Amino acid sequence: MKLNGVFIEDSFAEAFPMKATRLIVTAANRTWAMHAAVAATGFATSVIACGCEAGIEREMKAAETPDGRPGVSILLFATSTKELTRQIQNRVGQCVLTSPTSACFSGMAEGDPLPLGKTLRFFGDGYQLSKKFGKNRYWRVPVMDGEFLIEDITRMTKAVGGGNFLILAESQQAALNASELAVTAMRKVPEVIMPFPGGVVRSGSKVGSKYKTLPASTNDRYCPTLKGVVDSALSADVGAVLEIVIDGLTADAISEATRVGIRAACKPGRAGGILAITAGNYGGNLGPYHFKLREILASGRRSR
Amino acid sequence: MITLKVKQLPSGLTDAGNLQPATLGTLDASALARHPLGNTPCSPSIGDCFSIKSRGADPILLIEGDTHTLTGIGRGMQAGVLVVEGDAGPETGAAMRAGELSIKGNTGDLLGAGMRGGLIRVQGNTGNWIGAALPGAVSGMRGGSILIQGYAGDRVADRMRRGLIVVKGDTGAAAGAQMLAGTLVVLGKPGAAIGSGMRRGSILIRDAQFAPGAGFVHTGVHALGIIPLLRGYLAGLDPRLARALRAFTRVDRFAGDRGCSGLGEVLRAAL
């Protein structure tokens with residue numbers, strides 16, 4: 001299968017179940033909402049060492065947010081409920097509570113409850129106030145610029161982490177161009193994030209290492225400088241590989257992001273130095289979700 | 001839907017706690033007519049007091065006529081819609097848990113007292129102790145909403161524990177007295193001693209001339225994030241009342257009652 005002259009390998013991305021939540025961060029204006037959201041989703045590229053994977057889902061207009069101010073929707077993914085709870089507390093406590101004019105709300109109506117303001121309220125040292133409208137409880141925590149408003153709980157849902165595809169290109173620049181096109185297109189897909197810097201990862205990893213203490217190490221088969229040294233997966237004309245990792249609230253959302261992303265990445269075509277698209281997997285034995293590239297591209301939306 | 005039209009009511013206050021849409025909706029016409037109006041031993045039957053029309057199985061109960069002598073209409077209501085076309089007596093919607101109760105006329109005392117959920121709408125005026133504690137109870141309403149388009153009597157939201165009360169008109173004395181939590185909004189002129197003895201909770205007063213008692217300390221003028229949330233919630237219940245909350249975009253915040261824990265607040269719309 002080829003797209004714009006770019007070979008689509010008959011491969012699949014292998015993804016894993018995760019736990020996720022959506023938070024809505026608002027502020028007096030778009031700039032400060034974004035400051036808080038960027039900080040809260042920082043250092044959250046991979047669960048391997050960050051505790052969670054997080055990213056900005058989209059910006060929200062004032063009319064869409066609970067308090068009628070500009071906001072940002074962020075998604076956080078973790079491998080367990082306990083870890084997700086911990087990450088929410090740390091990230092909202094250190095990055096949203098601290099950001100001027102910010103407020104934080106649950107972005108999900110359904111799912112298992114996780115504490116949000118329920119624990120962070122104690123920062124108020126007894127001066128925090130509770131307000132309950134209908135079924136939603138909020139906490140008002142006095143801070144130096146007024147009050148930090150935070151919803152009592154957020155909701156957790158089962159999600160999928162580790163969707164991916166790899167862009168094989170003639171040069172680093174060509175791979176970068178295609179990646180940027182892909183990520184720009186994928187950011188319009190709801191319910192997904194691309195947690196790595198700019199949505200792109202250059203250090204794809206394999207499980208394990210020759211060093212016993214490392215859980216993961218460089219994906220040597222896709223390193224162009226190791227061609228001929230290892231059992232390389234790259235042909236002679238591949239000069240650089242970049243990967244886009246996708247976490248989504250549903251498998252369908254990841255499929256759609258994969259489809260949109262690959263199509264965008266292939267736009268420069270063979271003439272633009274894009275040689276092939278493939279995906280990372282572990283032989284299909286570890287993760288229950290398999291995103292088959294050719295099926296996804298052929299059918300629009302599909303997974304497993 | 002069941003329609004009950006007043007035929008003849010006993011003289012004096014009469015318990016009508018069995019006038020509940022979900023319960024009566026399960027009865028056939030003859031059983032409905034025999035069903036006691038209230039929970040007292042000598043309670044008249046519904047058929048004695050009302051002419052009955054029943055159509056469909058929707059849990060909607062419509063009461064037509066003046067029922068101001070009936071106490072406890074919709075008491076402990078757990079589902080359905082109850083509409084009183086005229087006046088209703090004391091304890092209407094007391095201890096209500098869910099559903100919607102709409103009174104087109106006026107009501108007596110203790111409307112929604114001890115309620116835990118649901119929605120009460122009153123087109124007219126109400127008596128005293130709205131959303132307050134039932135006799136013998138420690139705290140007042142613990143959930144739900146009461147929206148009053150007219151005047152509310154003394155001690156609205158007395159010992160209120162949770163929930164929302166909005167009074168479009170004026171209130172009598174001691175509104176929000178001894179409040180434990182919850183939200184009371186007064187869009188008209190409040191009486192004396194607002195929030196006296198309140199421990200927590202919020203009282204919103206639109207009257208810019210209002211001055212709280214000595215137990216309250218002015219904490220400045222603020223634009224509070226909780227107001228848009230309240231407005232959004234109220235918009236789902238009554239958009240016109242919600243629009244009136246725009247007056248609270250900036251508020252003078254008074255913390256109190258300092259004679260108690262002082263964690264309550266009176267929010268006066270700022271000029």
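Here are some exercises with worked solutions on a predicted model.

**Exercise 1. Find the two domains of chain A and describe how they touch.**

Step 1. Start with the domain assignment. Domain 1 of chain A covers 2–15 + 161–299, and domain 2 covers 18–157.

Step 2. Look at the spacing. Taken over C-alpha atoms, the centres of domain 1 and domain 2 of chain A are 30 Å apart.

Step 3. See who takes part in the contact. Domain 1 of chain A brings ten residues, and domain 2 of chain A brings 13 residues.

Step 4. Sort the domain 1 side by class. Where domain 1 of chain A touches domain 2 of chain A, there are eight nonpolar residues, one polar and one charged.

**Exercise 2. Work out how α1 and α2 of chain A pack, starting from their axes.**

Step 1. Know what to look for. Two packed helices are described by the angle between their axes and by the distance between those axes.

Step 2. Get the two values. The axes of α1(A) (residues 30–40) and α2(A) (residues 81–96) come within 9 Å and cross at roughly 140 degrees.

Step 3. Name the arrangement. That angle makes α1(A) oblique to α2(A).

Step 4. α1(A) and α2(A) cross in a right-handed way.

Step 5. Pick out the residues. From α1(A) come Ala36(A), Ala39(A) and Ala40(A), and they meet Arg91(A), Val92(A), Cys95(A) and Val96(A) of α2(A). By class, this contact has six nonpolar, no polar and one charged residues.

**Exercise 3. Describe the side of chain A that touches chain B.**

Step 1. Begin with the totals. Here 15 residues of chain A are in contact with 14 residues of chain B.

Step 2. Look for the elements behind the chain A side. Those giving two or more residues are β8, β9 and β10 of chain A. β8(A) gives the most, with five residues.

Step 3. Sort by class. The side of chain A that touches chain B has six nonpolar, four polar and five charged residues.

**Exercise 4. Is helix α4 of chain B largely enclosed or left open by the rest of the structure?**

Step 1. Find the buried residues in α4(B). They are Ile226(B), Ile227(B), Pro228(B), Leu229(B), Leu230(B), Arg231(B), Tyr233(B) and Leu234(B).

Step 2. Draw the conclusion. Eight of the ten residues of α4(B) (residues 226–235) are buried, so the helix is largely enclosed by the rest of the structure.

Step 3. Ask what does the covering. From chain A, the cover includes β8 (129–133), β9 (136–143) and β10 (146–151). From chain B, it includes β10 (162–167), β11 (183–186) and α5 (239–244).

Step 4. Zoom in on Tyr233(B), which lies in α4(B). A residue needs 20 or more other C-beta atoms within 10 Å to be buried. Tyr233(B) has 20 such neighbours, so it counts as buried. Leaving out residues up to four places away in sequence, Tyr233(B) touches Phe133(A) and Gly134(A).

**Exercise 5. Look at the backbone at Glu191(A), Leu110(B) and the bond between Gly256(B) and Asp257(B).**

Step 1. Take Glu191(A). This residue isn't a glycine, yet its phi is positive, at about 70 degrees. Glu191(A) sits in the loop between α4 (172–186) and β12 (192–193) of chain A. With 21 C-beta neighbours inside 10 Å, Glu191(A) counts as buried.

Step 2. Turn to Leu110(B). Its phi is positive too, at about 60 degrees, and it isn't a glycine either. Leu110(B) is in the loop between β7 (100–103) and β8 (119–122) of chain B. Leu110(B) is buried, with 26 other C-beta atoms within 10 Å.

Step 3. Finish with the peptide bond. Gly256(B) and Asp257(B) are joined by a cis peptide bond, with omega about 0 degrees. Asp257(B) lies in the loop between β14 (251–256) and β15 (264–269) of chain B.

Notes:
Residues are numbered from 1 along each chain as its sequence is written. Chains are lettered from A and ligands numbered from 1 in the order in which they are written. This is a predicted model: local features need pLDDT of at least 70, side-chain atom pairs count only at pLDDT 80 or more; totals for chains, interfaces and linings use all residues. Domain bounds come from an automatic or database domain assignment. Two residues are in contact if their C-beta atoms, placed from the backbone, lie within 7 Å. Ala, Val, Leu, Ile, Met, Phe, Trp, Tyr, Cys and Pro count as nonpolar, Asp, Glu, Lys and Arg as charged, and the others, Gly among them, as polar. A residue is buried if 20 or more other C-beta atoms lie within 10 Å of its own, exposed if 12 or fewer, and partly exposed in between; C-beta atoms are placed from the backbone. Helices (H or I, at least four residues) and strands (E, at least two) are DSSP runs, numbered from the N terminus. Axes are lines fitted to C-alpha atoms, for helices over the stretch in contact, and angles run from 0 to 180 degrees between N-to-C directions. Angles under 35 degrees count as roughly parallel, over 145 as roughly antiparallel, 65 to 115 as roughly perpendicular and the rest as oblique. A crossing is left-handed if the near helix is turned anticlockwise from the far one by less than a right angle, and right-handed if clockwise.
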